[in-house]
Every structure is written in structure tokens, then in C-alpha cells.
Amino acid sequence: MKEILMVMDEDPVYSKKFCNQANKLLGKKYNFLTFSSLKQMKKYADENQVEGLVASESLADNLDDIRTKSIYLLNEKDKKTRQEGKRNYIYKLQNVKNVLEVIDKDIDKKNAKSKCKANEACKLFLYYSPTYIKNKLEIVKRISKVISKKKRVLIIDLDEFENYKGSVGLSNIIYDYKENTLNEEKLRREIVTEKDQEIIKSVTYPEDFNVVTNIDIANIVNEITKLGYDFIFINADTSYVKCQYILNDADAVVVMRDKDASKIDKLKAYLKNENQLDLKKITVFDLAKLDKAYLAAFCKQCFLEKNDD
């Protein structure tokens, strides 16, 4: 899961430029979010887990009640970096890359902790397609069935129409997450077994996704990876925004290819241009070859052989 860093400067243009540069340089590690209103920023910090705030020193007197682990104040006078409690003072009139290096090193130092063993062992695979694929969830289940002969697999369904009016699934998890009461017991309560496959079904109503951000969804998935599974398979719908941050967290992204391969090329070009994803993570699954032999070969090459150690 990527840490969240809020950014607010007295000059909103500077904030936007800082965020753009920061996301290009450290976007694979942090989510930089810019704010122009103190009220909105405080509200966001109250409702989300925020690692740090990068702000102009002129705003220092208004930041005492911000719920964040660290505050990085940018000043234009003192070139020497210094720390006072959870406040860090950094010289603003230098290359943004240098400012980010100070912030990154400080966060690494504070968060010098290893992931739990289960989280390290779990491999996260996102199944995505920029176009609608009929019965995509069933295809993911077929892949899972092959893998589950040797590995323990959990499927998470993000397709907002797959569990309409269902009483068990992501809607309950989202509620607990928003109430800050989500734990292992409650997560396991939402896992159902169908034909020997373990699944967390999607939301009860499509609008249930509206109460969480794409960062929240990535955070929820991160909590699920701690349950001790070998693989987490995520069935995503065509919404790129919904799974934007899971893309970076995933160990691999399996893109379903139908007859129109040009849209996959456009997706790769977009990701490369935006520096959003290491393209080596992308594996293409050819729907035209959906038979037992291809399925077995695909699973052996992409999952079993690479993860048998």
C-alpha cells in the first residue's frame, strides 16, 4: 500500500506543479494529493490514513489539529533542514527532487518496519481490460481453479454489477473500513466458498463504491493480502480509476485481449506516458485461445513456475 502525502502551498500553482513532479519521481511509492482549502484538507485527513503533509511555512499556525504522522514545512530562508517534534523544516527554493529526498528518507526512517510474513508471501494479480469482456469473472475463476490445485487463491470481485442486492461481500467491508472497525475476523466473514473457490463478492449496489476513493479500495485490498493466501486475484471492471492504485501494488496485471488489440496498445502507451506502471508487470491473456491447453500453459508460465520457490 502506498502512503498518502497531502500538499498545500499558499500558491496553488506551486502545489500543483510540486504534486505533478512528485508523482512522476515517487509516484510508485506515494500518493501525492494537492489541496487548496484548509477545511477540505483537514476533513480528508480525518477520514483517511495520511502519512504526511507538505505545506508552506506560512500555513504553520493552522496545522496543529491536522491528523497526520509528519508535517514538512517549506521555508524560503533557512537552507538547513531541521526537525522540531513531528515538524520538519525544508528549504523550499531548491530542486523539488532534493526536497523529496529529504521527505522520503525521513518517512523510511520512521516506518522502518518489515511487512508481515503473510503479506510478503501473498502475490497480488489484477485482471483488467479497457473494454467489456463477457463472463470475465468466470474466466478468472477458471484460471484460479488451475492454480488452486497447488496454491491457496482468493478472488476479489470489483465488478459493481456482479453481486447486485447480495448480502455478503465488499459493501460490508467498505462499511467497516469507513467506520475504522475492519479486522481479520470481519474480512473472513465476507469470504464465501463456491465450487471449492474462495471469493469476496462485489458490492450490493453499484453506488456503494461512491463512498470510498480508489486509494481506499487499494488500502482494503492491502488488508486482505494479510490473510495468508498465496494469491489474490482481483477481477476489475473497465473502470481504470477504480483500480488505479491497485495497478501499482499488484505483482502482475493480466490484461484480457479480445479481437481489438489496439486498445491494449493505447492503454500501455498511456501508462508509459503517465509513468503509472512498470510495463513489465503486464501479461496479456488471449481470449481467442481459451482452451484447456492454453489455460494450463498460461498458468504454469505466469504463476506456478515463477512462484514455486
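Overall build. I noted at the outset that I am reading a predicted model. I looked up the secondary structure and found 11 helices and 13 strands in the protein. I then checked the radius of gyration, which is 21 Å and close to the 19 Å that the globule rule gives for 309 residues, so the protein is as compact as a globular protein of that length. Along the principal axes, the C-alpha atoms fill a box of roughly 65 × 40 × 35 Å. I also recorded that 49% of the 309 residues count as buried, and that, among contacts between residues at least 6 apart in sequence, 70% join residues at least 24 apart.

Cores. I found that the largest nonpolar core has 59 residues, and that M6, L126, I224, I232, I234 and I246 are those with the most contacts inside it. Helix α8 (residues 214-224) supplies the largest share of this core, 6 residues. A second, separate core has 24 residues, among them L137, F233, L287 and F303.

A helix pair. I looked up how helix α1 (residues 12-26) packs against helix α3 (residues 96-110), and found an angle of about 65° with the axes 10 Å apart, in a right-handed crossing. From α1, F18, Q21, A22, L25 and L26 meet V96, K97, V99, L100 and D104 of α3; I sorted the residues of this contact into 7 nonpolar, 1 polar and 2 charged.

Note on methods:
Residues numbered from 1 in each chain as written. Predicted model: local features only at pLDDT ≥ 70, side-chain atom pairs only at ≥ 80, totals over all residues. Heavy atoms only, no water. Axes fitted to C-alpha atoms, helices over the stretch in contact; angles between N-to-C directions. Helix = DSSP H or I, 4+ residues; strand = E, 2+ residues; numbered from the N terminus. Left-handed = near helix turned anticlockwise from the far one by under 90°. Contact = heavy atoms within 4.5 Å. Nonpolar A, V, L, I, M, F, W, Y, C, P; charged D, E, K, R; others polar. Core = buried A, V, L, I, M, F, W, Y, C linked by side-chain atoms within 4.5 Å. Buried < 20%, exposed > 50% of the residue type's maximum accessible area, 1.4 Å probe, protein only. Rg over C-alpha atoms; globule rule 2.2 N^0.38 Å.
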